[in-house]
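Subject: Structure handover

Hi,

Here is the structure I promised to pass on. Have a look at it first, then read my notes below.

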Amino acid sequence: MSKQTTLYSHQSQNLQTKNKTLVVGLTGGIGSGKSAASAWFAEQGIDIIDADIIAHEVAAKGSPTLRKIQKKFGDWVLNSDGTMDRAAVRTHVFTYPEALIELEAITHPAIREAAKLQLAASTSPYMVLSAPLLIEGAEAGLANLCQRILVMDATEETQLARASRRDEQSVQKIKAIMTNQLSREERNRHADHVILNESDLASLYVKLEPLHQQYLTLAQQLKYAAD
């Protein structure tokens, strides 16, 4: 059994025995529409815990996490103003895969703890935990905090077109990012729900609405079961 499958089985057990609040893990490849889906859920009054935002916050200037990164890799990880030189670090870990493992060993525990604090402070009916690598590397162990996994799916052609339009990145760079992510088939295999997002926002919202209603119902069931 793969690591991802083990995590997923554990999620189902948590759903039945431990959690009284519903956490929906939202993930998908680059350009799949995670941001659009997060924005829609937020408009429905659902709290969004974004792992990308947390990753920036935990490595902010002067933070314990940034000091650990500096100690591990050297002063070159800092800009002249003491903030993290994210471009330099990103290039380094893409060049040296072992460096990415070392970096994640520092950042992931901090990301997980920050996410847990945000989840505990949430007051919405359920929560959405958005993480681009939720399944691939069990990003900071965040998959264990979720009871349902929602995957945004898109063809490679659509991913490339959206990502290059949004970030003005080269196709080669986008493909390199995609290489570090699971294939569509593997990612979808670990999902409770998959939304194929190949059209416009209106079409996406039509697909999200019934899931939202389903999550509201499940959240109520979990709450009553815990009482």
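Let's start with strand 1 (residues 22–28): seven of its seven residues are buried, so the strand is largely enclosed by the rest of the structure. "Buried" here means under 20% relative accessible area, with exposed being over 50% and partly exposed in between (1.4 Å probe, protein chains only). Helices (H or I, at least four residues) and strands (E, at least two) are DSSP runs, numbered from the N terminus.

Before you go further, note that this is a predicted model: local features need pLDDT of at least 70, side-chain atom pairs count only at pLDDT 80 or more, and totals for chains, interfaces and linings use all residues. Residues are numbered from 1 along each chain as its sequence is written, and side-chain values use heavy atoms, with hydrogens and water left out.

Back to the strand. In a regular strand the side chains alternate between the two faces of the sheet. Both faces of strand 1 are covered: Leu22, Val24, Leu26 and Gly28 are buried on one side, and Val23, Gly25 and Thr27 are buried on the other.

Which strands pair with strand 1? One is strand 3 (residues 126–130), in the parallel sense over five bridges, with leucine 26 standing opposite serine 130. Another is strand 4 (residues 148–153), also parallel and over five bridges, and there glycine 28 stands opposite methionine 152. Two strands pair if DSSP finds at least two bridges between them.

Not counting residues up to four places away in sequence, serine 38 touches Leu26, Ile48 and Ser130; contact means heavy atoms within 4.5 Å. Is serine 38 buried or exposed? It counts as buried, because its relative accessibility is 9%.

Now for a pair of helices. The axes of helix 3 (residues 51–58) and helix 6 (residues 97–121) come within 9 Å and cross at roughly 115°. Those axes are lines fitted to C-alpha atoms, for helices over the stretch in contact, and angles run from 0 to 180 degrees between N-to-C directions. Helix 3 brings Ile54, Ala55, Glu57 and Val58 to the contact, while helix 6 brings Ala110, Ile111, Ala114, Ala115 and Gln118.

Finally, the whole chain: there are ten helices and five strands, and buried residues make up 43% of its 227 residues.

Cheers
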